[in-house]
Amino acid sequence: MNKQLQLKEKLMDLGVADVGYAQLEDLLPAEFKHLKSGISFGIRLSDQVVSDIDIEDGPTPTYFHHYRTVNTFIDQISYQITNQLQQWGHLAMAIPASQSINNTGWNYRGLFQHRTAATRGGIGWIGKSGCLVTEAFGPRVRLGTILTDMEFQYDEPIISSRCGECNLCVKACPAEALKGASWSAGMEREKILDPQLCSEHMKKQYKHIGRGAVCGICIKTCPKGNQVLKR
Ligand code: B12
Ligand code: SF4
Ligand code: SF4
C-alpha cells in the first residue's frame with residue numbers, strides 16, 4: 001500500500017470523519033513554505049451535544065467540555081501522524097487544534113487556518129456562518145491540520161459556497177456577527193463575519209460557560225448534513 005493510503009487508513013482507524021490532502025505551498029507564510037502539503041481532517045461532534053445548544057440560552061457546559069475533549073483528541077491524532085511522517089524521514093508539524101497567535105495584537109488568528117486546509121483538501125466549503133461545512137455532517141466537525149514536506153496526490157479543492165439561498169445561521173446569530181455573504185476561495189473573513197462581535201458576545205453572554213470561549217448557535221442551526229442525527 002502506498003504511504004498516502006497508509007496515512008488515510010491510520011487516520012480513519014483513529015476515528016476521523018474525513019481526510020483531505022491539500023496543496024498549500026502558495027498559501028503558507030515564508031517560514032513554512034517548504035512544508036508544502038497539508039493533511040486536513042475533520043472530527044465529528046456529538047449530535048446530541050450540538051443539538052442541545054439553545055438558540056435563546058446559548059451553549060451548555062457539556063458543549064464546552066466536548067469542545068475541550070475534541071481539541072485534545074485532534075492534537076493527539078496530529079501528533080501521531082507527525083511521528084509517523086518523521087519516521088519516514090519527512091518534516092512535519094501539527095497546527096494546534098485551537099490556538100490564537102497574538103503577534104500583531106489580538107486579531108483573532110491562528111498560526112495557519114484549518115478551514116483553508118480543509119477547503120483545499122476538498123473536505124467542505126465556508127458557509128455563511130464562516131464555518132467549514134461538509135456534505136456529510138454539515139458544520140458539526142472540528143478540524144485538524146498537519147503540515148509536511150511529503151508530496152501527495154492532492155485532492156480537488158472546493159472553491160465556492162454550497163449554501164444556496166439558505167441563511168438560517170445569519171438569522172440565528174445572537175451577536176449579529178454574520179453578514180450573509182456567499183463564500184468563494186480567497187474571500188476576506190470580514191466580508192463574512194465580524195470576529196470581534198462574535199468573540200465579545202461569547203465573552204459577555206457565556207462567561208459562566210467555558211470562560212466565554214464557545215457559542216456554536218450557527219453550527220446548531222445549519223440544516224446541512226442530512227444523515228446527521230438531529231432533534
Ligand atoms: C481565532 C479563532 C476564532 C475567533 C475568530 C473566528 C474567525 N472566523 O476567524 C473567534 C474567537 C471569534 C472564534 C469563534 C468561533 N470558533 Co474559532 N477558531 C479560531 C482559530 C484558533 C483561528 C482562526 C483564524 O485563523 N481565523 C482567521 C480567518 C481569516 O480564517 P478562517 O476563520 O479559517 O476563515 C477563512 C480562511 O479559512 C479562508 N479560506 C478558506 N478556504 C480558502 C482557500 C483559499 C485559496 C484562500 C486564499 C483562503 C481560504 O477563508 C475563510 C474566510 O475568510 C481556529 C483554529 C485554526 N487554527 O484555524 C478556530 C476555529 C476556526 N474555531 C472553530 C469554532 C467551531 C468556533 C466557534 C463555533 C466557537 C465554538 N467552538 O463554539 C465560533 C464560530 C465563529 C465563526 N463563525 O467563525 C473551529 C471551526 C470548525 C468549523 N467547522 O469550521 C476551528 C477551526 C477550531 C477547530 N480546530 O476546529 N474562533
Ligand atoms: S459562534 Fe455564536 S456569536 Fe459567533 S458567529 Fe456563531 S452564532 Fe454568532
Ligand atoms: S445554516 Fe445555511 S447558510 Fe448557514 S452555513 Fe448552513 S447551509 Fe450555509
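**L143 of strand 6 is the bridge partner of G42.** The view is taken from a predicted model, in which local features need pLDDT of at least 70 and side-chain atom pairs count only at pLDDT 80 or more, while totals for chains, interfaces and linings use all residues. Residues are numbered from 1 along each chain as its sequence is written, chains are lettered from A and ligands numbered from 1 in the order in which they are written, and side-chain values use heavy atoms, with hydrogens and water left out. Helices (H or I, at least four residues) and strands (E, at least two) are DSSP runs, numbered from the N terminus.

**Strand 6 (residues 141–148) is largely enclosed by the rest of the structure, because 8 of its 8 residues are buried.** Buried means under 20% relative accessible area, exposed over 50%, and partly exposed in between (1.4 Å probe, protein chains only). V141, L143, T145 and L147 point one way from the strand. R142, G144, I146 and T148 point the other way, and both sets are buried.

**L45 sits in the loop between strand 2 and helix 2 (47–51).** With a relative accessibility of 5%, L45 counts as buried. Its contacts (heavy atoms within 4.5 Å), leaving aside neighbours within four places in sequence, are V50, H66, V70, R140, V141 and R142. V141 and R142 from this list point opposite ways from strand 6. L45 and V214 are 169 residues apart in sequence, and their C-alpha atoms are 14 Å apart in space.

**D47 of helix 2 makes a side-chain polar contact with R44.** The distance of this contact is 3.0 Å. A polar contact is a pair of N or O atoms within 3.5 Å; within protein, one must be able to donate a hydrogen and the other to accept it, and residues adjacent in sequence count only if both atoms are side-chain atoms. D47 has 6% relative accessibility and counts as buried.

**E25 lies in the loop between strand 1 (18–23) and strand 2.** At 38% relative accessibility, E25 counts as partly exposed. Not counting residues up to four places away in sequence, E25 touches K33 and K36. E25 and S37 are separated by 12 residues in sequence and by 6.9 Å in space, C-alpha to C-alpha.

**Ligand 1 has 38 residues around it.** A residue is near a molecule or strand if one of its heavy atoms lies within 4 Å of it. A97, Q113, T119, S129 and R189 come nearest to ligand 1. A nitrogen atom of the ligand lies 2.7 Å from a backbone N or O atom of A97. Helix 3 (61–87), helix 4 (114–120), strand 6, helix 6 (189–192) and helix 7 (195–205) each supply at least two residues of the shell. Helix 4 gives the most, with 5 residues. By class, the shell holds 22 nonpolar, 10 polar and 6 charged residues. Ala, Val, Leu, Ile, Met, Phe, Trp, Tyr, Cys and Pro count as nonpolar, Asp, Glu, Lys and Arg as charged, and the others, Gly among them, as polar.

**P195, S199, H201 and M202 are buried in helix 7.** They cover an arc of only 160° around the axis, which puts them on the same side of helix 7; the arc is that of the directions from the helix axis to the C-beta atoms. An α-helix has 3.6 residues a turn, so residues three or four places apart point the same way. The buried residues of helix 7 pack against helix 6. At the start of helix 7, the backbone nitrogen of Q196 has a side-chain oxygen of D194 within 3.0 Å.

**C173, P174, A175, L178, C198, C215, G216, I217 and C218 surround ligand 2.** This shell divides into 8 nonpolar, 1 polar and no charged residues.

**G127, K128, S129, V133, C163, C166, N167, C169, C222, P223 and K224 surround ligand 3.** Here the classes are 6 nonpolar, 3 polar and 2 charged residues. S129 is also one of the residues that come nearest to ligand 1.

Key. Two strands pair if DSSP finds at least two bridges between them.
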